[in-house]
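Please read the following account with the sequence and the model open side by side. It moves from the chain as a whole to its domains, then to the ligand, and ends with a helix and several loops.

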Amino acid sequence: MTKIALIGEFHDAGKEILKRNNINYIEIFDYTLDNLKKELADCDGIGIRTAKLPKEVLTHCAKLKIVARHGVGYDSVDIEFLNEKRIPLAITGSSNAVSVAEHVITMFLALSRRIIDCHNLVKNGEYLQKTMIQKTVEIFNKKVLIIGYGRIGREVAKRLSMFNCEILIHDPYLKNMNEAKPPFKFVDLKTGLKNANFITIHIPLSSDTKNFISQKEFSIMNNDVILVNTSRGGIVNQENLKLALDKGKILGAGLDVYTKEPPDKDDPILSAKNIIFTPHNAALTVECRARMSIETIENILNHLQNKTNINNIVNKKIL
Ligand SMILES: NC(=O)c1ccc[n+]([C@@H]2O[C@H](COP(=O)([O-])OP(=O)(O)OC[C@H]3O[C@@H](n4cnc5c(N)ncnc54)[C@H](O)[C@@H]3O)[C@@H](O)[C@H]2O)c1
């Protein structure tokens, strides 16, 4: 009998599919390695949110046929091991781009208009001190650099088009880069960093992209740059970011992701100037949670029924 494990909280919309099809499933909220080894031993498919799935656990999954991430990042799963065992790793490729893109625009606007400072001023009875609010700026007519032009980067670009800004795109892995028409322009990283007023990052974390934005990159940027990172912690070097903010090297920053999640209470980044934070919830709108839950479960069921959605499989080469 088929058995599916859902690790973490899944929206009911996805679980309804399992119920309708009378599929046996368990929900796991104790992510300790010993518990995962025990619970996953006889599972055919695993749906997983934020818990880690290392080799140490996967070696105990004798019946495993597919792992499906609830999301698109997969650095929490040991893909090398899955490749070795020819087990596909699926992601929810079509669920969360819109939600993350809206989050980026929210952060750009909140930072450029200093919404949190304004809110605090009014709330603290300092309404008439509005000249104390440092410079606020518009996105209109500005240059925005999108690093990584995949699913999320493209949704951000669509939403930025209505602000009448120039959209600089850096993604060396794309073909036909020179065919972009205004307001889109493909650029090398240095040109993008040098010219942008706003920067948003949408690349995966890997050994190549760790510390992708560090001291050298900050030194190239304009002083008026607003930088938003919703991709993965570690891609922006947090120590260098704090320094750039505190010294006024850049104007502001928004982080949804952190080198260590959650950050320690005394993490220096939390006291940086002109920064706003969200707790890695860019993709956690109600609508997006429902879509991700459904797509994760469809990824598992389709594969178990020999109807694999290849577009969502990260390690296609093993199929
Ligand atoms: N904050 C959140 O809740 C949240 C939600 C979803 C995704 N994410 C993160 O966002 C990232 C992007 O997601 P996506 O769905 O757009 O991925 P995607 O695979 O569709 O796009 C990634 C793009 O980055 C490009 N790229 C890779 N390395 C690059 C490099 N060194 N320089 C420039 N471009 C590079 C690729 O060519 C690709 O076009 C994910 O890897 C994930 O880590 C975060």
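Of the 319 residues in the chain, 39% are buried, a residue being called buried if 20 or more other C-beta atoms lie within 10 Å of its own, exposed if 12 or fewer do, and partly exposed in between, with the C-beta atoms placed from the backbone. The model is a predicted one, in which local features need pLDDT of at least 70 and side-chain atom pairs count only at pLDDT 80 or more, whereas totals for chains, interfaces and linings use all residues. Residues are numbered from 1 along each chain as its sequence is written.

The chain contains 11 helices and 12 strands; these are DSSP runs numbered from the N terminus, with helices (H or I) of at least four residues and strands (E) of at least two. Along the principal axes, the C-alpha trace spans about 65 × 50 × 35 Å. The radius of gyration of the chain is 21 Å, which agrees with the value near 20 Å that a compact globule of 319 residues would have; the radius is taken over C-alpha atoms, and the globule rule is 2.2 Å times the number of residues to the power 0.38. Among the contacts in the chain with a separation of 6 or more, 62% are accounted for by residues 24 or more positions apart, where two residues are in contact if their C-beta atoms, placed from the backbone, lie within 7 Å.

The chain is divided into domain 1 (3-95 + 286-318) and domain 2 (97-277), with bounds that come from an automatic or database domain assignment. The centres of domain 1 and domain 2, taken over C-alpha atoms, are separated by 32 Å. Contact between them involves four residues of domain 1 and five residues of domain 2. On the side of domain 1 that touches domain 2, there are one nonpolar, two polar and one charged residues; here Ala, Val, Leu, Ile, Met, Phe, Trp, Tyr, Cys and Pro count as nonpolar, Asp, Glu, Lys and Arg as charged, and the others, Gly among them, as polar.

The ligand is surrounded by 31 residues, of which G73, G148, G150, I152 and Y173 are the closest; a residue is near a molecule if its C-beta atom, placed from the backbone, lies within 6 Å of it. Two or more residues of this shell are given by each of α5 (97-112) and α7 (151-161), and the largest share, three residues, comes from α7. By class, the shell has 14 nonpolar, 12 polar and five charged residues.

Helix α2 (residues 33-40) has L36, E39 and L40 as its buried residues. They cover an arc of only 85 degrees around the axis, which puts them on the same side of α2; the arc is that of the directions from the helix axis to the C-beta atoms. An α-helix has 3.6 residues a turn, so residues three or four places apart point the same way. The cover over the buried residues of α2 includes β1 (3-7), β2 (24-28), β3 (45-48) and α3 (55-58).

The peptide bond from P182 to P183 is cis, with omega near 10 degrees, and P183 is found in the loop between β7 (166-170) and β8 (184-186). With 16 other C-beta atoms within 10 Å, P183 is partly exposed. Leaving aside neighbours within four places in sequence, P183 is in contact with S161, C165, E166 and I167; P183 and E166 are 17 residues apart in sequence and 4.8 Å apart in space, C-alpha to C-alpha. A cis peptide bond also joins E261 to P262, with omega near -10 degrees, and P262 is found in the loop between β11 (252-255) and β12 (275-277).

R114, a residue other than glycine, has a positive phi near 50 degrees and is found in the loop between α5 and α6 (115-123). R114 counts as buried, with 20 C-beta neighbours inside 10 Å. N164 is not a glycine either, yet has a positive phi of about 60 degrees; N164 is placed in the loop between α7 and β7 and counts as exposed, with 12 C-beta neighbours inside 10 Å.
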